[in-house]
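Hi,

Here is the structure I promised to pass on. Have a look at it first, and my notes on it follow below.

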Amino acid sequence: MNNSPIILDRWGRPIKRTELRQEVAAPTFGGVRSPMSGYPADGLNPLRLGAILREADMGDPVRYLELAETIEERDLHYLGVLGTRKRSVSQIEITVKPGGESALDEELATMVRDWLQRDELQDELFNILDAIGKGFSFTEILWDTSAGQWRPERLEYRDPRWFRFDRVGLSKPMMLNAQGQEEPLPAYKFIYNQMAAKSGLPLRSGLARAVVWGWMFKAYTQRDWAIFTQTYGQPLRVGKFGPGSSESDRDTLFRAVANIAGDCAAIIPESMQIEFVETGNLGSSTDHYERRSDWLDKQVSKAVLGQTSTTDAETGGLGSGKEHREVQEDIERADCKALSAVLNRDLVQPWVILERGPQARYPQIVIARPEAEDLKAFSAAIGGLIDRGLAVRAQEVRNKFGLATPKAGDEILRPTAKSGLQSQPDAGNGDGIPSERGVKYPFDTRGPNSGASAPLQTKGPSAGRTAPLDPAAEIATRLEAEAAPAVEAMLGQVEVMLEAASDLAEFREMVLAGFPKVDNSQLTEVVAQALVASFAAGRVMVEEEDGG
């Protein structure tokens with residue numbers, strides 16, 4: 001007696017491993033799963049279109065699905081915008097999050113990551129996203145069990161015409177067997193993707209359901225445009241016949257009038273004549289076909305991409321450029337999340353159960369475009385925070401820049417040594433006073449060829465000065481100018497905190513915690529020299545007053 005637990009899929013159907021090893025939905029020549037397709041779009045009009053959609057509402061979607069396929073082939077604009085939406089998702093890099101922190105969780109995540117490296121995956125995801133247009137798609141999982149393991153060998157797209165929905169709620173997917181009978185999908189055998197453009201039944205939730213009306217009206221416009229283009233600019237041909245002409249003569253004249261545009265030659269009886277009437281002012285009637293076609297294309301762009309600026313060359317306005325791109329990105333993120341959920345539900349979880357048995361947690365596929373990050377700003381911010389004592393894992397910084405952890409024997413890049421003051425023999429200046437070579441003062445205002453830099457208190461007024469000297473104003477002016485670099489350096493550290501903070505409350509906490517560690521040594525030195533200069537200037541003024 002087999003006491004092993006029975007595993008059920010999300011529809012409550014038990015797993016049959018023997019059935020999983022077979023290809024159950026392959027096309028058959030002459031059978032119910034024939035790849036041959038009809039063309040209900042030929043001669044389509046509103047009455048026929050309404051009948052096709054009502055058939056789908058009643059559970060017979062064949063002609064609707066064939067029509068949805070046809071408009072992708074015949075409408076270049078719809079093909080382009082729908083392909084853009086599908087490819088923008090199918091080419092995004094996929095990551096895998098372990099279900100937990102145990103060794104088994106990491107092992108299962110690595111198993112899924114390795115499988116995702118297959119070259120065929122992008123095309124398979126593109127086919128799975130066929131649900132964007134039709135509302136749903138079916139992909140058969142062909143399992144590889146050659147060495148006793150369970151592993152998806154490939155994901156095979158299946159024609160949605162070979163599937164139905166249950167007759168009770170029209171929501172549970174069914175498949176057609178070889179005899180054309182509807183039966184439930186085998187458990188863990190299909191990826192069923194439903195991506196609804198609107199809420200409702202799967203058969204009524206696809207984009208094609210709405211787009212097909214615009215396509216039909218545009219087809220009318222293009223047909224009229226083609227007829228107009230064929231006769232554009234040609235004069236009106238008028239045949240004139242006499243009162244005594246016979247029916248045969250009139251037929252001859254009509255054929256001559258009808259064919260003269262292409263043949264540029266005609267033979268008619270002498271009693272008849274052909275007159276050419278030139279058409280004037282064609283400009284006002286030549287662009288309404290194009291305007292109508294463009295307007296319908298824009299409606300399709302709005303339905304598929306949510307905006308028009310990425311498909312039509314329009315600039316300016318409140319609803320263009322960046323705002324439209326953000327709308328497209330919102331749709332892309334929604335598609336990514338929906339596809340991730342489908343793959344986790346119908347592929348990853350069944351695979352792990354078949355290979356390792358039921359688990360408390362399963363690896364998670366994540367499809368998401370990496371957010372653009374300013375690494376230069378991050379470098380400036382993280383450097384200042386580390387200097388202020390923030391503990392940061394080196395691996396997290398490496399991951400930001402895509403850098404691997406160095407291994408033993410790797411050549412390591414290191415920062416170049418910063419040049420500082422070098423001790424050199426000093427011969428002095430000849431009067432017993434050491435020279436100032438190699439010493440840089442913060443109040444150095446002389447040019448590069450002026451020799452040594454002197455501190456503030458050693459600099460006096462110009463010999464050519466005629467106005468009375470105000471030492472306090474002179475020192476204040478120079479202090480403002482020469483302390484500016486030190487103040488800017490301190491403000492730069494505060495700006496780093498402001499860029500790193502997510503809100504003002506966090507910025508306040510960072511300032512309170514980091515302000516005592518802000519480097520103010522340069523400013524302190526400048527102010528100290530200014531105070532010395534002020535003290536010296538004051539003594540000089542007192543001595544001059546006493547001596548005067």
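Tyr-188 counts as buried, because its relative accessibility is 10%; buried here means under 20% relative accessible area, exposed means over 50%, and partly exposed is in between (1.4 Å probe, protein chains only). Tyr-188 also has a positive phi of about 60 degrees, although it is not a glycine. You'll find Tyr-188 in the loop between β6 (182–184) and β7 (190–194). Helices (H or I, at least four residues) and strands (E, at least two) are DSSP runs, numbered from the N terminus.

Before you go further: this is a predicted model, with local features needing pLDDT of at least 70 and side-chain atom pairs counting only at pLDDT 80 or more, while totals for chains, interfaces and linings use all residues. Residues are numbered from 1 along each chain as its sequence is written, and side-chain values use heavy atoms, with hydrogens and water left out.

Leu-170 is another one to look at: its phi is positive, about 55 degrees, and it is not a glycine either. It sits in the loop between β4 (163–165) and β5 (173–176). With a relative accessibility of 12%, Leu-170 is therefore classed as buried.

Then there's Thr-70, in helix α3 (residues 62–74). Thr-70 counts as buried because its relative accessibility is 2%. Leaving out residues up to four places away in sequence, Thr-70 touches Tyr-39 and Ala-41, where contact means heavy atoms within 4.5 Å.

Is Pro-516 buried or exposed? At 66% relative accessibility, it counts as exposed. Pro-516 belongs to the loop between α16 (504–514) and α17. Its C-alpha atom is 9.4 Å from that of Arg-388, and the two residues are 128 apart along the chain.

Helix α17 itself covers residues 521–547 and includes Glu-543.

Now the overall numbers. The protein has 17 helices and ten strands. It has 548 residues, of which 34% count as buried. Among contacts with a separation of 6 or more, 66% are between residues 24 or more positions apart. The accessible surface comes to about 33600 Å², and 54% of that belongs to carbon and sulfur atoms; areas come from the Shrake-Rupley method with a 1.4 Å probe, and for residues only the protein chains shown count as cover.

Cheers
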